[in-house]
Amino acid sequence: MDPDEALTTWSSIAGWYDQLIVGGSGPHELAIRTTLDLLPDPMGADVLDIACGQGLATRALAGAAAATGSPSAIVGIDLTVELLDRARAYEADEPLGITYRTDDAQSLTTVADGSVDTVTCQLGLMDIPDLDATVAAAHRVLRPGGAFVFVIGHPAFLAPNASTMPDNRGRSGRFVSEYFDERFWRSPNPHGVRRVGNHHRMLSTYLNTLVAAGFTVERTAEPRATATLADQQPVYRNVPIFFAARARRA
Ligand SMILES: C[S@@+](CC[C@H](N)C(=O)[O-])C[C@H]1O[C@@H](n2cnc3c(N)ncnc32)[C@H](O)[C@@H]1O
């Protein structure tokens, strides 16, 4: 592990992250919308949300399942106890039938082979060191025909040390100079999520990893900003903040 990774952790910012979401975060609002848009129809009886954090997407999945009238068993897994505690507290306050477990997305040891219809991962893959292992674990736990839906920070615009600046007509854009540099990096912004660190990978790495694991990419998305996000971070009116995809296990 890079010694730098020992600084800020998901445990140390769990309370801050929960409050960020509760306070009305434009990126998270868009992430949920994107995850739900990419869900397969039907999403199936068994749904697993990996790197679930405080359960933001997991609760949205439970809501979507209930709305279809064919409720699914929804499980959220994460490694950060403090975030799982918050997820369980939301579940206790407003029961949606979600089960939360501690597990590592890179191995999914608590999940049996071929036991899940849909795996989701909202804003988690950039946080997890071993992408090959994570995608292979998602593939292993899916039933044949099952779907893997993920949303990531768009690697072409959130690359290491990318900055927001105006073009020669005054339109804001993202300046990227380290796109090919696949590595763990930590944003110097003391108020941002990425101060916890991110594993930057090229878009082609994500897509090639899916294909190598046996997935077929079925749909992709580069969603436009919601009004909230455009208001909070206007640059994302002009370039996508996220890349997302739905892939199928054969
Ligand atoms: C940006 S948060 C996303 C949380 C949630 N999905 C959301 O949309 O708010 C990234 C999450 O990845 C989790 N994480 C990092 N490494 C992990 C691993 N190896 N296995 C499971 N979760 C992991 C962190 O604990 C954190 O909850």
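Reader: What should I know about the model before we start?

Author: This is a predicted model, in which local features need pLDDT of at least 70 and side-chain atom pairs count only at pLDDT 80 or more, while totals for chains, interfaces and linings use all residues. Residues are numbered from 1 along each chain as its sequence is written, and side-chain values use heavy atoms, with hydrogens and water left out.

Reader: Which secondary structure does the protein chain have?

Author: The protein chain has seven helices and 11 strands. These are DSSP runs numbered from the N terminus, with helices being H or I of at least four residues and strands being E of at least two.

Reader: How many of the residues count as buried?

Author: Of the 250 residues, 50% count as buried. Buried means under 20% relative accessible area, exposed over 50%, and partly exposed in between, with a 1.4 Å probe and protein chains only.

Reader: What share of the contacts is between residues 24 or more positions apart?

Author: Such residues account for 74% of the contacts with a separation of 6 or more, where contact means heavy atoms within 4.5 Å.

Reader: Let us turn to the rings. How many aromatic pairs are there?

Author: The structure holds six aromatic pairs. Rings of Phe, Tyr and Trp (its six-membered ring) pair if their centres lie within 6.5 Å; planes under 30 degrees apart count as stacked, over 60 as edge-to-face and the rest as tilted. One of the pairs is W10 with Y17, which is edge-to-face because the planes stand at 80°, with the ring centres 4.9 Å apart. Another is F148 with F150, whose centres are 5.6 Å apart and whose planes meet at 40°, so this pair is tilted.

Reader: Are those residues buried or exposed?

Author: Y17 counts as buried at 12% relative accessibility. F148 is buried at 0%, and F150 is buried with a relative accessible area of 1%.

Reader: Which residues do ring pairs link into a cluster?

Author: The cluster comprises F148, F150, Y206, F215 and F243.

Reader: Now the backbone. Which peptide bond is cis?

Author: The bond from D41 to P42 is cis, with omega near 0°. P42 sits in the loop between α2 (26–38) and β1 (46–50).

Reader: What about phi at L108 and L123?

Author: L108 has a positive phi of about 50° although it is not a glycine. L108 lies in the loop between β3 (98–102) and β4 (116–122) and is buried, with a relative accessible area of 0%. For L123, also not a glycine, phi is positive and near 60°. L123 is in the loop between β4 and α5 (131–141) and is buried at 16%.
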